[in-house]
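Please keep the sequence and the structure in view while reading.

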Amino acid sequence: MNQDAALMLKNPDPVDAPSGLLERTLGVLELLATNARGMQLFEIADSLHIPRSATHRVLTSLIEHGYVKQEREQGAYQLTAKVASLAFTFLAGSGITDFAQPLLDRLARESGELVRLAIIDGRELVWVAKAQGSPSGLRYDPDMGQVGRLSCSASGHAWLSCLSDEDARTLVEKQGYGLRKDYGPRAPESWPALLKYLRQTRKRGVSICVQTYTPWMSASAAPIRHPKSKEVTGAVVIAGPHIRLTEERMLELAPALLQTAQELSMATLASPGLYGRAARPGESFFGAGS
């Protein structure tokens, strides 16, 4: 009996364990995406509260289809490049990189900081493209494809500020608040605290977040609206170390940030990937099927 099989016997199926195969498979993929160095079978099972026997079956299937690899017997499981290939294929086909990248590159040069593009995907904001403006020194360079925490990210504040208080609160409470121990020391942990940020964002037209997402980072974001429906389809963000990207500096960059958001808005007419679900005229974000 190998080590994985022995581990499976130690972890009988809990009564409340997720039972759907698709749910388990997606959970494994998402977990491995945030653990690039790989994870052992028992770590995956325990993190997702999935029986180890079922976890092993999911991993075996993913290996057979080329999405997961195990370097050696009883070794850690890792994602393969096939998952990234799917994402890049989608982005290339959607036109996001063709139309957005030159605009992001220009803003990065002007600001000297990291510039990111986030698009709305269902009820989440996902970072899909970036441009780095700082050639040296402190650099903030997160992985693309991550889902932003709405309550404490600049892109989240930019989007939420365009919604009614009721709809914004519904989105945030469904996702959960970003706790300060997990994010930055100024992360709002309640609706009243977050509402103060949103009201300031509505007045300025851009969000300004200092040490809310990480202890050492500042970020400012502007919403991207579809030029016809005016629905928000994403956000463009400038991010950098808070000792360099101060609130005063972010206010100086606000006109350039807003201009880039406007240009990205016009790019949505040529890029289906930038439309987003909320951009379809006549359909409420919280409509049927949402």
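## Terms and overall picture

In what follows, Ala, Val, Leu, Ile, Met, Phe, Trp, Tyr, Cys and Pro count as nonpolar, Asp, Glu, Lys and Arg as charged, and the others, Gly among them, as polar. The structure is a predicted model.

The secondary structure of the protein chain consists of 10 helices and seven strands. The chain has 290 residues, of which 47% count as buried. Among the contacts with a separation of 6 or more, 60% are made by residues 24 or more positions apart.

## Helix H9

Helix H9 comprises the 14 residues 191–204; at 1.5 Å a residue it should span 20 Å, and this agrees with the 20 Å between its end C-alpha atoms. Which residues of H9 are buried? They are Trp191, Leu194, Leu195, Tyr197, Leu198 and Thr201. These residues lie on the same side of H9, because they cover an arc of only 160 degrees around the axis.

On the other side of H9, Pro192, Lys196 and Lys203 are exposed. The buried residues of H9 are covered by elements including helix H7 (154–160), helix H8 (165–175) and strand E5 (207–210). After H9 comes Gly205, whose phi is positive, near 90 degrees.

## The second largest pocket

The second largest pocket holds about 160 Å³ of space. Its lining is formed by Arg186, Ala193, Lys196, Tyr197, Gln200, Arg204, Ile208, Cys209, Val210 and Glu247. The most comes from H9, with five residues.

How many residues of this lining are nonpolar, polar and charged? The lining of the second largest pocket has five nonpolar residues, one polar residue and four charged residues.

## The largest cavity

Rolling a probe the size of a water molecule over the atoms shows where empty space is left. The count of cavities of 30 Å³ or more comes to one. The largest cavity has a volume of about 50 Å³.

Arg116, Trp127, Cys152, Ser153, Ala154, Cys209, Gln211, Thr212, Tyr213, Met217 and Ala219 line the largest cavity. Of these lining residues, seven are nonpolar, three are polar and one is charged.

## Two individual residues

Is Thr212 buried or exposed? Its relative accessibility is 1%, so Thr212 counts as buried. Leaving aside residues up to four places away in sequence, Thr212 touches Cys152, Tyr183, Gly184, Arg186, Ala187, Pro188, Tyr197 and Met217.

Glu173 counts as partly exposed, because its relative accessibility is 43%. Glu173 and Ser151 are 22 residues apart along the chain, and their C-alpha atoms are separated by 8.9 Å.

Key:
Residues numbered from 1 in each chain as written. Predicted model: local features only at pLDDT ≥ 70, side-chain atom pairs only at ≥ 80, totals over all residues. Heavy atoms only, no water. Helix = DSSP H or I, 4+ residues; strand = E, 2+ residues; numbered from the N terminus. Expected span 1.5 Å × (residues − 1). Buried < 20%, exposed > 50% of the residue type's maximum accessible area, 1.4 Å probe, protein only. Arc of directions from axis to C-beta. Contact = heavy atoms within 4.5 Å. 1 Å grid on protein atoms, 1.4 Å probe; cavity = no way out; pocket = protein on both sides within 12 Å on 5 of 7 lines; lining within 4 Å. Points joined across faces, edges and corners; volume = space filled by probe spheres on them.
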